[in-house]
Amino acid sequence: MALLLPLPQPGDSGWGPLLWDWGHVPLFAALGWSLAPRRGRPGEGFRWFLAVSCLVLLPFLMEGMQALTSRNPDWRDGLHGMLGGLAGLTFRFAWYQSRRRKWGLLAVSVLLVLTASWPLIRYGSALIPGRKAFPHLTPFTWLGTTPFWAMEVGGVERPLEYEAGTVVLPVEPRGHTSLQYWPPTERWADFAQLSIRCRSGAAAPFVLGVRVDGQESSRRLRLQATVNPGDNDLLIPLEEGSDAAEVLRAVHKLTLFSQDPGTQGWLSIERIALIP
């Protein structure tokens, strides 16, 4: 029932969505614990078969049912639920065993939970090197979608495209493409410029929009820079607008976008950094 109730849509790609997804693990772990048959009861073998079958099939069935509600089905959520359920079942089963087998089954249970928790572990481990690298907001060191970066093309989020250690942002004549960065609530008040080193494969110059959102959604900086064909080393002042001081005190989101550029090609971004 909890998986079919409507949920508020998270407003960023930080911890919120990852914690919602990880919630499948303890939810189904509790179910797996409750489904473990009592030792010595008649038909114990068949009960174990039913319990395992339920914990493997039910998470994916519930994800399919979410298509009928306001929730968004995701096979990875089903995988999280399955791993959590089997972990709970294995954990309870361990208490029926001898000492040696008990520790082995407990290790299997912990391994299942860690496997399901990999996105959280990956994000958390990225926070440390990410903060050490600040004020460099790049390089993009992960394959696929990174913990801090996302790309939207026509309003649809898609994995980042990599090429020789850079991220490639498509540029289409009437398209709306954006590269979005969610910092772990950094203070940018001590920096005056945003530096973007990039290479344009577009046939003509176009304007790159830059939006910096503060903690309050109503406070944001709207900046821009002209990108010429070939190599570019853009320096964009951050201290523009009456809300600059308030926004830079606690930055929530950075968005780079090409909107109706009137040309087609690509923009390869090598480095994004803050300069005092």
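1. The largest nonpolar core has 38 residues, and Trp188, Leu194 and Ile196 have the most contacts inside it. A nonpolar core here is a set of buried Ala, Val, Leu, Ile, Met, Phe, Trp, Tyr and Cys residues joined through side-chain atoms within 4.5 Å. Buried means under 20% relative accessible area, with exposed over 50% and partly exposed in between (1.4 Å probe, protein chains only). A second, separate core of six residues includes Val25, Ala87, Leu112 and Ala116.

2. The model is predicted: local features need pLDDT of at least 70, side-chain atom pairs count only at pLDDT 80 or more, and totals for chains, interfaces and linings use all residues. Residues are numbered from 1 along each chain as its sequence is written, and side-chain values use heavy atoms, with hydrogens and water left out.

3. Leaving aside residues up to four places away in sequence, Leu194 touches Leu137, Val210, Leu234, Leu235, Ile236, Leu238, Leu254, Ile272, Ala273 and Leu274. Contact means heavy atoms within 4.5 Å.

4. Five strands make an open sheet in the order S3-S4-S11-S6-S9, with antiparallel pairing. Its edge strands, S3 (162-163) and S9 (230-237), each pair on one side only. Helices (H or I, at least four residues) and strands (E, at least two) are DSSP runs numbered from the N terminus, and two strands pair if DSSP finds at least two bridges between them. S3 is joined to S4 (residues 166-171) by two bridges, and these strands run antiparallel. Tyr162 stands opposite Val167 in S4.

5. Strand S7 (residues 206-214) is largely enclosed by the rest of the structure, because eight of its nine residues are buried. S7 pairs with S8 (residues 220-227) in the antiparallel sense over eight bridges, and the two form a hairpin with five residues between them. Val212 has Leu221 in S8 as its bridge partner. S7 also pairs with S10 (residues 251-259), in the antiparallel sense over six bridges; here Asp213 has Lys253 as its bridge partner.

6. Helices H4 (residues 75-94) and H5 (residues 99-116) pack at about 165°, with axes 8 Å apart. H4 is therefore roughly antiparallel to H5. Axes are lines fitted to C-alpha atoms, for helices over the stretch in contact, and angles run from 0 to 180 degrees between N-to-C directions; under 35 degrees counts as roughly parallel, over 145 as roughly antiparallel, 65 to 115 as roughly perpendicular and the rest as oblique. Residues making the contact include Leu83, Ala87 and Phe91 of H4 and Leu105, Leu112 and Ala116 of H5.
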